[in-house]
Amino acid sequence: MHESLSALVTGLRGVEHFEAAATLTLRRMLEVAEEAVSSSLYAGRARVLRGMVHLRPGDAYRRLVSLERGAERAQPAVPEEGAALLTSATAWRSVVRYRCAVSIDVNLGTLEPHAEGAEVEGDVALSEGGGFSSNDSRQRFLGRQASHVCVLPLRAPGGEVEGMISLEADCPAAVGREFVWRERGEALQLFTDVAAPYLLALPSRPVAAAEVDEFLPVVGATMAGLLPILRVFAQQEETLLVSGATGAGKSRLARWCHERSERRRGAFEVLDLVTVPEELQMAELFGWKKGAFTGAMRDNVGSVARAEGGTLFIDEIDKLSLKAQAGLLHLLEERSYRPLGEGTGEKRADVRFIIGTNAELLGAVRAGRFREDLYYRVNVLPIRMPPLDERRDEIPLWARYMVGRRHRERVPSGLARLTEGAERLLSGSSWPGNLRQLDNIVRRAYTLAMVGHGGSGEVVMEERHVAQALSYEGAPGGRPLPEALRVAALAFVQEAQRRGGSLDLDLADAFRGFVLGLAVRQLGRDEAFRALGRESLVRNRNHHKALKREVEKVDALLKALGEGGAPFADLLASEE
């Protein structure tokens with residue numbers, strides 16, 4: 001074991017990407033598992049099958065890879081092998097709760113935490129008579145011949161569980177008996193802990209440009225890294241939980257998953273709970289019979305019935321009342337429901353569920369606003385939709401798509417485009433409202449561009465149109481200072497990337513010059529220095545030199561950017 005651990009440490013120091021670190025870690029851990037089997041009473045009667053790394057910081061999947069015993073390298077998630085990569089939601093829940101490794105006897109459906117004295121709780125402690133949270137989880141294990149599974153937590157510095165490593169073996173002789181996992185648990189956890197900083201911090205290997213379509217017409221580098229996992233999740237029948245900020249594109253992603261599922265020929269139904277009053281949530285979900293409540297003038301099928309044979313996307317699940325949560329839990333567990341006012345009997349639901357939220361559901365559970373059992377029922381396949389500010393390479397692409405689509409609707413044979421300056425201004429802005437906000441700005445700028453169109457065949461959306469559209473955003477006085485500083489910092493970083501490292505960090509000092517120069521222009525020289533806490537320089541008559549030094553930094557930045565003269569040069573000359 002010591003040789004394997006030493007080889008792991010040495011190898012991890014030289015890797016550059018997550019996939020290489022995952023391959024190396026899994027190979028060494030599978031070696032330890034095989035050594036344990038060969039020296040146990042199950043020698044010759046057990047096979048170590050595979051290992052998997054599940055990276056899910058913030059309780060949302062980011063990466064998912066598998067290494068079959070004897071394979072050269074770990075494989076990322078792919079649709080045709082998706083079922084072989086997924087593990088039990090109950091296993092993840094147990095690892096997070098107990099913060100230690102757990103062993104699963106698949107045939108008996110039992111789970112046991114390795115920590116000494118760990119007390120089992122509810123249906124998580126399967127060794128006390130509970131079972132998998134869904135039979136699908138158990139069948140997945142059995143379908144790939146895994147009779148015994150060990151799941152170990154990937155812990156970040158500070159102890160937060162941000163993923164797990166699962167190892168699978170086939171040993172019918174050990175059903176109902178102690179397997180090797182607990183005996184080698186400390187060693188396997190040591191390997192996991194050594195690899196964790198690399199697995200959690202290393203970037204993924206660059207992926208080829210992802211194929212786009214009408215449902216996801218723009219895919220940047222961040223989303224391209226998530227698509228392999230999403231393709232796997234799309235083909236599962238279990239509930240998919242899509243979290244992310246409002247306007248980030250959750251409903252579009254849900255539709256994309258539906259179109260790549262076995263249910264794509266069925267309906268795609270959306271129930272946005274923000275638009276449904278609390279007292280009508282059950283009715284909108286399950287439907288109602290005439291006279292079931294005041295205003296029910298005729299029978300009405302609900303969202304579940306309309307989605308029969310297809311997919312139901314329930315957005316803003318955190319807005320669901322506690323009463324309706326109980327009804328949804330029953331639906332997810334039993335796959336049956338009863339419309340309001342229906343006398344007897346229940347209807348079967350042949351529906352795949354995708355759940356959307358912009359809230360932190362676990363926090364809502366702790367606050368008593370969301371049922372814990374429902375949380376674990378919907379949190380089977382969690383994915384986080386990154387906000388637009390984390391997908392900045394997509395901003396100009398989305399803007400082109402939005403402009404082109406809008407213009408084709410208005411002038412089918414026309415052409416619309418954005419200038420480079422317009423795209424640069426959009427890319428340098430912050431988008432707390434995500435795609436929804438960007439679409440509003442593009443719509444507004446396009447309208448402004450159309451005003452000066454003049455009847456030519458081409459509409460050009462220029463920087464001035466975008467600037468005017470952005471000027472209408474937010475409350476008078478502009479965005480908060482931290483947000484404005486963040487936008488400026490992002491613009492500097494993007495320009496540095498574009499120039500391939502030729503933009504020195506010291507040039508960021510020019511910001512002081514911009515602040516001071518604008519203050520002088522707005523308030524006058526002496527008052528500007530007083531307003532910015534430099535009254536002592538005014539008293540000592542040293543503020544002339546201070547102003548000149550700061551504006552020279554602006555000159556240096558503009559020279560590096562090839563922008564010509566400084567914007568404060570005339571101001572400085574007039575003040576001397």
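A charge is said to sit over a ring if NZ of Lys or CZ of Arg is within 6 Å of the ring centre and within 35 degrees of the ring normal. In this predicted model, the charged end of Arg63 is placed over the ring of Phe18, 5.0 Å from its centre, and Arg93 lies over the face of Tyr376, at 3.9 Å from the ring centre.

A pair of aromatic rings is described by the distance of the centres and the angle of the planes. Two of the pairs are set out below.

| Pair | Centre to centre | Angle between planes | Class |
|---|---|---|---|
| Tyr61 and Phe233 | 5.3 Å | 80° | edge-to-face |
| Tyr375 and Tyr376 | 5.0 Å | 75° | edge-to-face |

Tyr61 lies in the loop between strand 1 (47–55) and strand 2 (63–68), while Phe233 belongs to helix 6 (residues 221–234), so this pair ties together parts that are 172 residues apart in sequence. Both Tyr61 and Phe233 are buried. In the other pair, Tyr375 is buried, with a relative accessible area of 5%, whereas Tyr376, at 21% relative accessibility, counts as partly exposed. Elsewhere, Tyr42, Phe179 and Trp181 form one aromatic cluster.

Turning to the helices, helix 1 (residues 2–13) and helix 2 (residues 18–38) pack at an angle of about 180°, with their axes 10 Å apart, and that angle makes helix 1 roughly antiparallel to helix 2. Ser4, Ala7, Leu8, Gly11 and Leu12 in helix 1 meet Ala21, Leu24, Thr25, Arg28, Glu31 and Glu35 in helix 2. Sorted by class, this contact has five nonpolar, three polar and three charged residues.

Conventions. Residues are numbered from 1 along each chain as its sequence is written. This is a predicted model: local features need pLDDT of at least 70, side-chain atom pairs count only at pLDDT 80 or more; totals for chains, interfaces and linings use all residues. Side-chain values use heavy atoms; hydrogens and water are left out. Axes are lines fitted to C-alpha atoms, for helices over the stretch in contact, and angles run from 0 to 180 degrees between N-to-C directions. Helices (H or I, at least four residues) and strands (E, at least two) are DSSP runs, numbered from the N terminus. Angles under 35 degrees count as roughly parallel, over 145 as roughly antiparallel, 65 to 115 as roughly perpendicular and the rest as oblique. Contact means heavy atoms within 4.5 Å. Ala, Val, Leu, Ile, Met, Phe, Trp, Tyr, Cys and Pro count as nonpolar, Asp, Glu, Lys and Arg as charged, and the others, Gly among them, as polar. Rings of Phe, Tyr and Trp (its six-membered ring) pair if their centres lie within 6.5 Å; planes under 30 degrees apart count as stacked, over 60 as edge-to-face and the rest as tilted. Buried means under 20% relative accessible area, exposed over 50%, partly exposed in between (1.4 Å probe, protein chains only).
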